[in-house]
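Let's walk through this fold together, starting with the sheet and then turning to the helices. Have a look at the model first.

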Amino acid sequence: MIATAFGRISLLLERALPSVYQQSGVRPEHICVFIIDDNERNGQPYSQAFFPIKEGVADLRHSLQVPENHFQTHVIANRRTQGNSGTGAWNTGIYAAGEQDPGGYIGILDDDDAYLPFHLSRCVEVCQRNPNALAVFHSLRWIHEDHRTWDFPLTHDVLTPAAFFRGNPGVQGSNMFFRTDAMLAIGGFDERYPNTTDRELMIRFLWYVQELQTEAPDQNLIEVIKETGVLHYNHSQARVNGRNERKHKGLDMFYRAYRPFFSEEDYRYSLERAKAYFDYTPV
């Protein structure tokens with residue numbers, strides 16, 4: 001699933017989507033791509049970007065010589081919430097995937113990020129070895145505008161609700177790979193939030209995992225791939241959650257909903273982090 005907004009057709013077609021079509025070690029006839037157009041519709045059925053996206057996808061497939069039955073690609077409009085950090089667009093894709101194959105898996109990719117060529121094959125291999133896995137998280141590499149890079153390795157021990165109360169230990173949309181039925185079970189993203197959406201989703205997902213593990217404690221329901229598999233581009237261009245006033249609103253909502261579940265230490269740490277990164281002070 002790739003949600004695209006802000007007219008970033010060039011990034012979608014030059015970075016994100018080619019990185020999907022160029023995946024190696026997978027059966028491309030088994031992979032379906034949903035591109036969710038989250039550009040403003042202004043009361044119309046489709047945004048002005050919708051048909052240029054479709055045309056651009058067709059041209060890209062032709063230039064890369066992607067066979068018709070490989071990586072079948074559907075461009076769909078976000079018919080749910082708009083303007084809240086892509087949550088409606090992601091949920092549009094999640095429910096579309098659920099209708100097509102509820103027993104499958106969902107890989108998420110931002111339109112300005114990229115998969116390394118082995119990302120999907122490694123996730124699939126992990127799920128084949130462990131069919132109980134509800135999610136696979138592949139470590140990120142951050143790439144800054146000045147070309148500095150920062151590897152963000154993940155480990156199992158940081159994938160806890162407490163870690164996401166404190167901040168985000170390294171799960172950011174593009175390195176999410178979920179079993180579709182797990183996403184449907186938790187209702188996908190909370191479309192009320194203007195941001196802080198990855199943290200909020202992960203807390204609910206991890207609670208869901210904890211509940212399942214009370215019934216089957218020996219099952220490993222989350223897998224982590226420590227090697228870097230996804231490139232996250234940290235830039236100053238327009239973002240769906242880029243303004244501090246929107247970030248403050250999302251953090252207000254987040255703390256109101258989840259403050260009862262924080263330890264005092266985690267709450268203090270989280271507020272210090274929010275102040276340092278977003279100049280946030282709770283109301």
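Two strands count as paired if DSSP finds at least two bridges between them. Helices (H or I, at least four residues) and strands (E, at least two) are DSSP runs, numbered from the N terminus. This is a predicted model, where local features need pLDDT of at least 70, side-chain atom pairs count only at pLDDT 80 or more, and totals for chains, interfaces and linings use all residues. Residues are numbered from 1 along each chain as its sequence is written, and side-chain values use heavy atoms, leaving out hydrogens and water.

Start with strand 1 (residues 2-4), which pairs with strand 2 (residues 32-37) in the parallel sense over three bridges. Within that pair, A3 sits opposite I36 of strand 2. Zoom out and you get an open sheet of four strands in the order 3-2-1-5, with parallel pairing. Strand 3 (72-77) and strand 5 (109-110) are the edges, each pairing on one side only.

Helix 2 (residues 50-64) packs on this sheet and touches strand 1, strand 2 and strand 3 (contact means heavy atoms within 4.5 Å). Its direction makes about 170 degrees with that of strand 3; angles run from 0 to 180 degrees between N-to-C directions, and axes are lines fitted to C-alpha atoms, for helices over the stretch in contact.

Now for the helix pair. Helix 1 (residues 9-21) packs against helix 2 at about 45 degrees, with the axes 11 Å apart. Helix 1 and helix 2 are therefore oblique to each other: under 35 degrees counts as roughly parallel, over 145 as roughly antiparallel, 65 to 115 as roughly perpendicular, and the rest as oblique. Among the residues that meet are L13 and L17 in helix 1 and I53 and V57 in helix 2.
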